[in-house]
Amino acid sequence: MAFAQHKSVLPAATERRRFQRVKVHLLGRYMLPDRREYPCQIINMSPGGLALLAPGIGNVGDRVIAYLDHIGRVEGKITRIIDNGFAMSVGATARKRDKLAAQLTWLANRDILNLPEDRRHDRIIPRNPIALLTLEDGTKMTCRIIDMSLSGAAIAAENRPPLKSLVLLGKVQARVVRKLEEGFALEFVHEQSAETLEDSVTAR
């Protein structure tokens with residue numbers, strides 16, 4: 001039994017060493033066991049845990065369900081109380097943690113580069129992520145849209161066009177603004193409409 005107890009404490013300690021927290025500024029809301037909801041602001045996060053500023057503070061060990069901008073639903077338990085908030089673990093599968101790591105890398109890069117478009121518009125994942133990209137020289141290539149907003153998109157592709165070059169994503173003119181680990185980010189030359197965005201970028 002002692003072994004089982006020891007085993008249950010180990011993952012949290014291992015997790016703290018394994019994941020590096022990044023500073024992010026995300027808004028959201030969360031629910032404590034009494035089912036009351038509160039607004040919150042995330043100040044740092046890793047795929048294994050996060051710290052948030054919050055008006056309603058529970059007790060260490062309390063279960064928390066949070067809905068965070070750009071991240072979605074996460075749940076875990078309060079691990080410690082901090083000034084004006086608390087830190088919590090994030091319970092997730094290995095696949096979900098990988099996805100969180102990619103999202104956090106994106107968000108950290110966005111904050112470092114001070115890109116305004118992601119703060120103005122929520123990002124969505126298109127129903128059909130496959131799109132046709134036309135480069136400045138007329139070359140066409142198939143790519144995958146990681147996510148997008150009314151003013152830009154993250155693209156997964158093996159070939160990366162030069163920074164600041166103009167491209168067409170579907171029918172939408174865009175500029176390459178930075179490189180990502182698996183592709184590059186685009187900023188649309190003109191802000192798009194929510195009603196026509198998906199059809200415009202995935203148009204062949």
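Two strands pair if DSSP finds at least two bridges between them; strands (E, at least two residues) and helices (H or I, at least four) are DSSP runs, numbered from the N terminus. The model is predicted, so local features need pLDDT of at least 70 and side-chain atom pairs count only at pLDDT 80 or more, while totals for chains, interfaces and linings use all residues. Residues are numbered from 1 along each chain as its sequence is written, and side-chain values use heavy atoms, leaving out hydrogens and water.

Begin by selecting strand E6, residues 85–89. Of its 5 residues, 4 are buried, so E6 is largely enclosed by the rest of the structure; buried means under 20% relative accessible area with a 1.4 Å probe, protein chains only.

Now display strand E5 (residues 72–82), which pairs with E6 in the antiparallel sense over 4 bridges. Arg80 stands opposite Ala87 of E6. The two strands E5 and E6 form a hairpin with 2 residues between them, and Asn84 in the turn has a positive phi of about 60 degrees.

Then show the largest nonpolar core, which has 27 residues. A nonpolar core is a set of buried Ala, Val, Leu, Ile, Met, Phe, Trp, Tyr and Cys residues joined through side-chain atoms within 4.5 Å. Tyr30, Ile42, Met45, Leu50, Leu68 and Ile71 touch the most other members. Helix H2 (94–113) is one of the elements that each supply at least two residues of this core.

Terms used. Buried < 20%, exposed > 50% of the residue type's maximum accessible area, 1.4 Å probe, protein only.
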